[in-house]
Amino acid sequence: MLFEITCFGLGALGLASTAVKLPENHVTKLQKVFENTGLVAKVNGTVHRPRVIKKCRTEYGLHLTIKLPAGLCMTDFLKRQEEIEDYLNCEVDMEMKKHLHMYLYTHELKGYYPFKMADLEGELPFVVGYSKEGRLTADLAEFPHLLVAGETYGGKSVFLHQLIAQLMPHNVKLFVIDRARVEFAYLQNHAWFEHTMSGSIKMLQYLENEMKKRMEIFVKAGVEKIQEYHKKGYNLPYYVLVIDEFSQLSPKLNKDEKKQRETAHSHLVNLLCLARKVGIHVVLATQRPDRDILPGQLKANIPATVCFKVRNEVNSRICLDNDKAYYLPRIKGHAIYQFDKDRRIQVMHLDVSKARKLLPETTKTKPQKPADKKPPKPKKEGDIPIISQ
Ligand SMILES: Nc1ncnc2c1ncn2[C@@H]1O[C@H](COP(=O)(O)OP(=O)(O)OP(=O)(O)O)[C@@H](O)[C@H]1O
Ligand SMILES: [Mg+2]
């Protein structure tokens, strides 16, 4: 059944401002779910229900304004969000202004978005993907590090290719570790690229030293973060380190090269913990988001996550603190993007051959590898000299 409603004053959300016809379905269902989950207030035996006072169709579904009875607040609804979403079979967002505003995302995402270079404002801006609200953008300089996780063939490497393509034109130097060697080798002339363990350690050590140098520079310049340093007129590039399948550097995965893996891991932890303000950002991808590979200490320092479908609920909880990535449909490039909140996204598709064509002929993104020096003598037994391969 359809009924007429009128919307007004919601321009900022891109909502229709004329009378539209809405299916009654979701509103009726919503009232049922409120009733069934106890989202009603009872005063002296009388039941007071939340009342939908305004309904608008939006680009992405429905926007409902709901008047709450005394005794209910948004937290009560947030606690029931999962039940509400399951019952309505769509994602729901909420915000409290004078009344409770509920956004129901009833439109399905497309399964494929080809890569498009966007002209965006910001220091290291990029399109994360498409959500039901449309194109979703972020700035890597705003959240220091990013985790990309998910089972094999989910779309992690494609995400990295399109992220790199978007970052290249900015004031950035790129560092890539790909122990599988093949997939990111096309970046060899545009990034400091490593595939060996010793090369990876050397790169991580270099970045840690650079981090310490930058900290000193910032103290002398009286600034706290790179953005302030830039405002003083200095040019200091952002450094972005991308590690595809970083479990290959984890001491827990494999007992071979244990000492080297421990060294790599400790450099990585230092970078994740301390490099945030000095313009060094880390993007870590893994198929294996389990506790061994991604201990709480690492995860706690990575505030943003793109999580494709994972094998089990535990993996999803490790990445997102909820099981949403386990219940994602098996669509390539489909993921949950978590920063301030969770959003389902479809990542833009970019294959390697196209990514290669997007590379500039000469690049400012290639960092100068430090010249190979003779390996220092180990000071004591167990110290690992750095030998380039
Ligand atoms: N955003 C996307 N849109 C459409 N198709 C995609 C997308 N991402 C990946 N695919 C398809 O899925 C395939 C596997 O993607 P990708 O290599 O990125 O997976 P992966 O997660 O890196 O896997 P692995 O863990 O094995 O390295 C791609 O070759 C591509 O065909
Ligand atoms: Mg991959």
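Biologist: How many residues surround ligand 1, and which are the closest?

Modeller: Keep in mind that this is a predicted model. In it, ligand 1 is surrounded by 14 residues, and the closest are Gly155, Lys156, Ser157, Val158 and Gly333.

Biologist: Which element gives the largest share of that shell, and how does the shell divide by class?

Modeller: Helix α4, which spans residues 156-167, contributes the largest share, namely three residues. By class, the shell around ligand 1 holds eight polar, four nonpolar and two charged residues.

Biologist: What does Phe175 touch, leaving aside residues up to four places away in sequence?

Modeller: Phe175 touches Ala191, Trp192, Met203 and Leu207, together with Tyr239, Val240, Leu241 and Pro367.

Biologist: How should I read a sheet, and what is the strand order in the open sheet of four strands?

Modeller: In general, the strands of a sheet pair through backbone hydrogen bonds, in either a parallel or an antiparallel sense. Here the order is β5-β6-β8-β7, and the pairing is antiparallel. Because β5 (51-57) and β7 (91-96) stand at the edges with a single partner strand each, one side of each is left without a neighbour in the sheet. From one strand to the next, the twist averages 20°.

Biologist: Over how many bridges do β5 and β6 pair, and what packs on the sheet?

Modeller: Strand β6 (residues 61-67) and β5 pair in the antiparallel sense over six bridges, and Thr65 in β6 is the bridge partner of Lys54. Helix α3 (residues 81-88) packs on the sheet, where α3 touches β7 and β8 (100-105), and the direction of α3 makes about 135° with that of β7.

Biologist: What does the secondary structure of the whole protein chain come to, and what percentage of its residues is buried?

Modeller: The protein chain has ten helices and 20 strands, and buried residues make up 37% of its 389 residues. Of the contacts between residues at least 6 apart in sequence, 64% join residues at least 24 apart.

Terms used
Residues are numbered from 1 along each chain as its sequence is written. Chains are lettered from A and ligands numbered from 1 in the order in which they are written. This is a predicted model: local features need pLDDT of at least 70, side-chain atom pairs count only at pLDDT 80 or more; totals for chains, interfaces and linings use all residues. A residue is near a molecule or strand if its C-beta atom, placed from the backbone, lies within 6 Å of it. Helices (H or I, at least four residues) and strands (E, at least two) are DSSP runs, numbered from the N terminus. Ala, Val, Leu, Ile, Met, Phe, Trp, Tyr, Cys and Pro count as nonpolar, Asp, Glu, Lys and Arg as charged, and the others, Gly among them, as polar. Two residues are in contact if their C-beta atoms, placed from the backbone, lie within 7 Å. Two strands pair if DSSP finds at least two bridges between them. Axes are lines fitted to C-alpha atoms, for helices over the stretch in contact, and angles run from 0 to 180 degrees between N-to-C directions. A residue is buried if 20 or more other C-beta atoms lie within 10 Å of its own, exposed if 12 or fewer, and partly exposed in between; C-beta atoms are placed from the backbone.
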